Every structure is written in structure tokens, then in C-alpha cells.
Amino acid sequence: MEETMIIEYNTDSYAGTFDRLKSILRRLESDTGKISNRRVSISPEAAESFVRGVFSNLYERLVDELSSAAISRMNSSGRWDKITASELICEVMTDNSVRRGALSSIGRIERRNQIKKYIDSGTIQFAILLLPFRTASPIKNRGTLPDLGEVYTLVLLAALARASEVAQEKIRATCERILMEICSTGLDSIVVRTPGLSNFDRNRLTDSVLDAARVSCPIKSSYAARRKALVRAVRELREISVVNYELLGDLLDRLSAANISLDTCWTFLAAKIVRVQVLGVQDAGRYPCFSTTSMTTIAKYRKLLLDFVSFLQLPKENFRLVAYEEIADRMQSEDRYTQNEFYEARLKQLRLEIDACLKKLYIAGSREDFHRILSESTTTPQLSTLFEAILFSIVHPTLNTGNEFTSENIRHYVVMMSNIYEAASNEASEIIRRRIIFSSLNGAAEYCAAYESNTGSKNPSGFDDVAVIAPDALRMSIHRKQESIGHFSVSVSPSHGRTPWHGTVAFHRQSSANTIGISVDLAVDLEADGYYAVHIDEAAKASASGWTEGYINEKQAIFYMCPSFFENSQDTSDKIARLASMQLRAYS
């Protein structure tokens, strides 16, 4: 089974949830792994201070680091023939710190070309499907509202767009500063472009630039490295006429120190800043297998995300959350008919394939045999891939765990799921097991059919739902896709393999005194490790508003905290508020 197939269709396909069930069960049955139900309450003011502090700092740091890294890489030998806004935006959006999967030089150039196609419009728009909703899960989370893991996602996407602009602004500002330090009358008083003609004395210019380097690099070793770069830069100059050799030598030396070429300087001084926006398309209505999730649950989830966007003042020109209803409302009747027709036909085919092997699947006896039978009996390998992802994502009424996350309910859920591939010892449990298998297989079929009917490269009509609202948007993805698909694949979670809406956010102590670790994990594991669920104090509801009031109303924790943070008797609200100045780092 190809890895690209596994992760193209669903983010939770590689989260390894099933593999952790046995260890979870062992922990639940041990004396040290009981569900702790530890909780602390903090004031709305402390919660706001913490969120504003750590996530505003994260946003500013990401913007600075991503833009600076892009500038640092752009002039690497052989990387780009020419540096424009297209190359710079590409460098930010494919940065190794956020990219999912490897990217070859050919893939990078292809993505640059995508950006270049729309660069003249002055705005580049990206679109990414994510942040649908949460389903209550006895092992993944403790509620259906987003937690601070989703806030990490919002901040990251906004920072990517803003960093793409800031990288351009930094280069322009550096060029303007250098030019003002040398000459107040502008670049044309130093050098001018002469297309088709090179009108200057190369040796004389080499002497001028090396004279400038000797002054700026008095240390011999530093001068040697600068000299090599400057000689190469002068040798590569074409189609210019030098007005002032001494000033041009000084200019080239200073630009070289800033890792900027003369051609790049010209380009960014003349060009307007290209604006970049990411559309976060919430795909709550895209997959019928989740149709049992109430509209109220989806609406509350979206409202809190919007509250966080407003609270953190994430620039709307750089990031916007799009409700899937916007797509449904704008779909033409012809497109709707074609899409529905393909979906129904594809779903019928998938269900027939499942029905043909269903009896064998029920008695497979092991995980390996179950997936072997499913793979060999169907023409769609994604069904096998999606089975466990859907198994842990949809609500199973037959389990009757509800939203009460008691130790008994959690254990009941874990026991059933960890033994899902093995026949139950009594008839009642076997009926429940088979219903769960059937609903998960049907859900996988619905998910697969919906994905294909809404993805342009997967259906014969080429219909693409995101193109309905953003026809020129470049596609990002939370999946690690084949390079040839052309998407900008990004990791939107601090933890590899688990997105925030499939888990629970936690904060951890780091070795560095001024940093705090952030991760997304299973709630049941965090509780077994003694982590504290941090709630907003219900007694302070009168002073709560916006997102803080939402958590109080739903009685849901906003995050989990490492127990070592509560080793002394300091006031909890004060303790959390003091963490606001710390830097967030992905924790592993």
C-alpha cells in the first residue's frame, strides 16, 4: 500500500491510534495509570493573558523566523536563477519547519511557477481544507469545542501568509537603507540597466568592490570569503552601465553582506509588495459520514475559532476562515447535479465491494487478515486505509459512552475498540462489534466517495469544491501528498501525525527556562500521566466573554498542563499568567 494513498485521504490515517489502544488498556488496568481527573481552574483574565501572551509571541516569532530563513536560502548556489517575489513566497510556503514530506528541486520550481502565474495580480491566495469540528471521543478529547491546539493552527497559517509579505518588505527595506547610506540621489546615479549592452570596465569595478570589502572586512579570513563572492558577482554582471565605480563597489559589497544581489535589489526596489492570504476552508459539510454531528456543535466550534482570530487580532487580509456553507451556497445547479451523480455512483460501487466481503471481514479474526481481505476484495485501497481513521472519528451510539468521560466509559470504549477485529465472546457484544465495523466501513465509503466527488483530479468532470469560492487559489494540504499533485503540504500541528481536532493540546516544561512545550496527544494518555485539565472558573462567569464564556458554558478544559507546573502552592491563575511571556516550542 502506497504511503501517499494512505495520507492523501485522511489526516488520522497515520496517527497510530489503534496501535496505542493495547498500551492504553494496560495503563488503565494498572495502579499507576488510572484516569486522574485532575483539574484546576483559572480566572478568565489569566486565561486571556496566557493565550494572548504565548500565541502573540508565537505569531511574531514565526513571521520573523520564516521570513528571515527564506531570505537566507534564496541566494544559495544553484537554487534560483533569479530572485523575485515568486521565489521568496515559495521559500516561505515550503519551509522545512512547516512542510510535510520531502520536496525536490523540481517540485520547488513547479510550486514557484504556480505562484508566478498569479503574481501580476498583486495578491496570491492559498486555500486549505481543515478545522471541521470535533466529535466527542473517550480517548481523544474531553469536549467538542476547539482547544488551544486549533489556536496553534490558526496562528501558523496566518504567520505563513504574513511572513511571505514580510520577507519582501525586509529585502526592500535593506536595499533602501543601504542605498541611502551610500547615495541619497537614487540607484540611477550609481548604475543603470542597459538591455542588450554591457557598458562598463569589469576590472575597474572589481578593484572598486574589493577596496570596499577591505574596509568592511578588516579580518583576513572574513575578507577572503567576501572577496570570492564579490569577484563572482562582478563576473556575472551583464547589461549595465556604471555611473560611479566607487559607489557601485561600495553598494555591491554592502549588498553581498546582506546576501542580496544587485539584480534582486533592482527588482524589489521597483516592485510592489505582493499580498498573500490563506483561506482556511472548514470542511464540516464535505463528508456525509459525519452528518450525525449536530449543526449546533459545528456552529459552536466555528464561533470559538472566530473568537480566537479576533482576540489575537490575526490580520484578516492574511487569513480568513471560510465556512463550507459558502461553497454550498455558490454551487451552480449543474455542478451540484454532476457532483451528486458521481458521488452516488461511486458510493454504490464502494458499498457493493464492501458487501461482497463483509461476512469474511466479520470473522477475519485479526487486524492483518481483516485488512488483507478488504484490500484483496476491493478495487479501492483507500477503504482499508480509511477504516481505522473513521472508526475513531465517528460517534458509535451502540457503545453508549455518550459525553460522560468516566473511567468506566473510557475503559468500555478502549476494550471494544482494541478487540474490534476479534469475535466477541457473547452474542450481545458481537452484535455491537459488527455494527461498529459496518458503520465504519460505510463511513469510509462515504468519505472516499465525497473526497473524490469534490476533488478536481479525482472525478471525470473536474469539479473541485474549493474552486467554487477561490478559483485562482493555490492549494495547500494538511496531508503528505505526492509531489506531482502540486499542493503545498504543511504540518498544522505541533505534533507529527495528530491534528488538533483529533486530540487534546498539552503544555510541558522545557529544558530552557524561557520556553514552554506544546503538543497534541490523546486525552486518555495525558490523564493517565497525571496532567491537569485547566478550566476557566465557573464562579467568574460574570467577568467572562467571548471564548472564555464559551468554555465555561460547555464545562470544557482549554488545555492540559504538565503536573510539574503545580509543584508549589502559588495561586494557579497567577502561575498560568506568568507563563504568558514564554516562547512556544513543539514538544516531543
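These legends accompany several close-up views of a predicted model.

**Figure 1. The largest pocket and its lining.** Welcome to the open space of this model: the largest pocket holds about 940 Å³. Its lining is made up of 32 residues, and those nearest the centre are Asn75, Ala233, Glu236, Ser261 and Leu262. Helix H8 (220-235), helix H9 (245-257) and helix H10 (262-270) are the elements that each give two or more residues to this lining. By class, the lining residues comprise 14 nonpolar, 9 polar and 9 charged.

**Figure 2. The second largest pocket.** Here the space amounts to about 490 Å³. Of the 20 residues that line the second largest pocket, Arg142, Phe405, His535, Lys555 and Gln556 lie nearest its centre. The lining divides into 6 nonpolar, 6 polar and 8 charged residues.

**Figure 3. The largest nonpolar core, with a look at Leu148.** This core counts 125 residues, and the members touching the most others are Phe50, Phe55, Phe126, Leu148, Met476, Phe507 and Phe559. Helix H6 (residues 148-182) is the biggest giver, with 19 residues in the core. Zoom in on Leu148 and you will find contacts with Phe50, Val51, Phe55, Phe308, Val505, Phe507, Ile558 and Phe559, leaving aside residues up to four places away in sequence. Another core lies apart from this one, with 54 residues, including Leu358, Leu361, Leu383 and Ile436.

Figure 4. The whole structure has 41 salt bridges, and two of them are shown here. In helix H7 (residues 202-216), Arg214 and Asp211 sit 3 residues apart, about one turn of the helix. Their side chains meet at 2.8 Å, N to O. Arg214 is partly exposed, at a relative accessible area of 45%, and Asp211 is partly exposed at 45%. In helix H17 (residues 427-454), Glu430 and Arg433 are separated by about one helical turn because they lie 3 residues apart. The closest N and O atoms of this bridge are 2.8 Å apart, and both Glu430 and Arg433 are buried.

Figure 5. Arg578 pairs with Asp574 in a salt bridge whose closest N and O atoms are 2.8 Å apart. These two residues lie 4 residues apart in helix H21 (residues 572-578), so about one helical turn separates them. Arg578 is exposed, with a relative accessible area of 57%, while Asp574 is partly exposed at 30%. Elsewhere, salt bridges link Arg20, Arg27, Asp521, Asp525 and Asp529 into a network.

Note on methods. Residues are numbered from 1 along each chain as its sequence is written. This is a predicted model: local features need pLDDT of at least 70, side-chain atom pairs count only at pLDDT 80 or more; totals for chains, interfaces and linings use all residues. Side-chain values use heavy atoms; hydrogens and water are left out. On a 1 Å grid over the protein atoms alone, a cavity is a set of points where a 1.4 Å probe fits but cannot get out, and a pocket is an open set with protein on both sides within 12 Å along at least five of seven lines; lining residues have an atom within 4 Å of a point. Grid points are joined across faces, edges and corners, and a volume is the space filled by probe spheres set on the points. Ala, Val, Leu, Ile, Met, Phe, Trp, Tyr, Cys and Pro count as nonpolar, Asp, Glu, Lys and Arg as charged, and the others, Gly among them, as polar. A nonpolar core is a set of buried Ala, Val, Leu, Ile, Met, Phe, Trp, Tyr and Cys residues joined through side-chain atoms within 4.5 Å. Buried means under 20% relative accessible area, exposed over 50%, partly exposed in between (1.4 Å probe, protein chains only). Contact means heavy atoms within 4.5 Å. A salt bridge is a side-chain nitrogen of Lys or Arg within 4 Å of a carboxyl oxygen of Asp or Glu.
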